[in-house]
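Welcome! Have the sequence and the 3D view ready, and let us walk through this chain together, topic by topic.

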Amino acid sequence: MNEKIVEDIIKKVMKQLDNTAIAPVDSNNCEAIPVELSARHAHLSQKDALELFGGPLTFDRELSQPGQFLCKERIRLIGPKGVIDNVAILGPSRDLSQVEISKTDARMLGTKTPVRQSGDIKGTPGIILASRKGIVGLEEGLIVAGRHIHMTTCDALQMGVCDKDMVSVHIDGERPAVLEDVLIRTNDSFKLSMHIDLDEGNGSGWNKNVSGKIVAKSKETDGGLYIH
Ligand SMILES: [Zn+2]
């Protein structure tokens with residue numbers, strides 16, 4: 001094999017490696033991201049809310065993301081193996097009902113619940129929702145919400161990330177951890193905040209002063225797939 005061929009092969013391999021490696025992020029550009037815990041909750045369609053409560057949902061208090069609010073109503077989740085009571089409902093109502101639980105909840109309910117991003121419910125398990133006034137059987141919509149960061153496009157620019165990027169985030173809790181596969185979600189109405197669930201919060205020793213820092217970003221490969 002002559003030198004030229006060897007050199008070409010090395011160049012090719014180096015290029016491939018470069019395409020699939022984790023891209024380090026200059027963490028000096030990344031400000032501390034407040035980390036919030038998402039407790040189990042449901043989003044209801046207008047139709048399902050009507051069926052369960054006989055009317056529209058009632059506002060209780062605003063949540064950290066603008067436009068999102070906690071409702072006064074609560075529901076019971078009924079799974080094949082267990083029941084969870086007093087589950088919060090978040091407004092406003094959506095086109096399709098969706099219930100977000102932790103993996104621990106899924107064990108209690110007896111459902112095989114996949115990790116999905118909010119809204120991506122096709123093919124997910126169903127669940128029975130009950131109130132004092134009504135009962136609704138969802139065909140699908142039970143998910144363990146994928147961890148994500150809400151930010152504005154300005155925040156994203158500053159941190160060198162884009163909408164739908166997957167990043168790794170260091171969490172400075174009592175049990176510090178790096179969480180991979182964190183989805184970036186940008187919208188100019190968002191307030192900078194990372195959302196993790198109860199299992200992830202307990203796993204990293206979360207408290208309300210905990211913050212996250214983006215430490216690595218997945219690169220988009222030629223096939224458009226994220227590698228990390
Ligand atoms: Zn969120």
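A residue is called buried if 20 or more other C-beta atoms lie within 10 Å of its own, exposed if 12 or fewer, and partly exposed in between. Keep in mind that what you see is a predicted model. Its protein chain has five helices and 18 strands, and of its 228 residues, 31% count as buried.

- The pLDDT averages 89 over the protein chain, and 85% of the residues score at least 70.
- Residues 221-228 have a pLDDT below 50, and this stretch makes 15 contacts in the model beyond near neighbours in sequence.
- Where pLDDT is low, the predicted coordinates should not be read in detail.

**The nonpolar cores**

- In soluble globular proteins, nonpolar side chains tend to be buried together.
- The largest nonpolar core here holds 23 residues, and those with the most contacts inside it are Ala42, Ile75, Leu77, Ile89, Val99, Ile127 and Leu129.
- Two or more residues come to this core from each of β3 (41-45), α2 (46-53), β5 (69-78), β6 (83-94), α3 (103-109), β9 (127-130) and β11 (142-145).
- Which element gives the most to this core? The answer is β11, with four residues.
- To see one member in its setting, pick Leu129: leaving aside neighbours within four places in sequence, Leu129 is in contact with Ala42, Leu52, Ile75, Leu77, Val136 and Leu138.
- A second, separate core has 17 residues, including Val167, Ile171, Val210 and Ile214.

**A closer look at helix α2**

- The buried residues of α2 are Asp48, Ala49, Leu52 and Phe53.
- Why do they lie on the same side of α2? They do so because they cover an arc of only 105 degrees around the axis.
- These buried residues pack against β3, β5, β6, β9 and β10 (135-138).

- Lys164 is not a glycine, yet its phi is positive, near 75 degrees. Look for Lys164 in the loop between α4 (153-159) and β13 (166-171).
- Is Lys164 buried or exposed? Lys164 has 12 other C-beta atoms within 10 Å, so it is exposed.
- Asp181 is another non-glycine residue with a positive phi, of about 55 degrees, and it sits in strand β14 (residues 177-186).
- Asp181 counts as partly exposed because it has 15 C-beta neighbours inside 10 Å.

- Among contacts between residues at least 6 apart in sequence, 69% join residues at least 24 apart.
- Ile196, in strand β15 (residues 193-197), gives you a place to look. It counts as buried because it has 28 C-beta neighbours inside 10 Å.
- Not counting residues up to four places away in sequence, Ile196 touches Val35, Leu37, Ser38, Arg147 and Gly201.
- Ile196 and Val35 are 161 residues apart along the chain, while their C-alpha atoms are separated by 7.3 Å.

Conventions:
Residues are numbered from 1 along each chain as its sequence is written. This is a predicted model: local features need pLDDT of at least 70, side-chain atom pairs count only at pLDDT 80 or more; totals for chains, interfaces and linings use all residues. A nonpolar core is a set of buried Ala, Val, Leu, Ile, Met, Phe, Trp, Tyr and Cys residues joined through C-beta atoms within 7 Å. Two residues are in contact if their C-beta atoms, placed from the backbone, lie within 7 Å. The arc is that of the directions from the helix axis to the C-beta atoms. pLDDT is the predictor's confidence in each residue, from 0 to 100.
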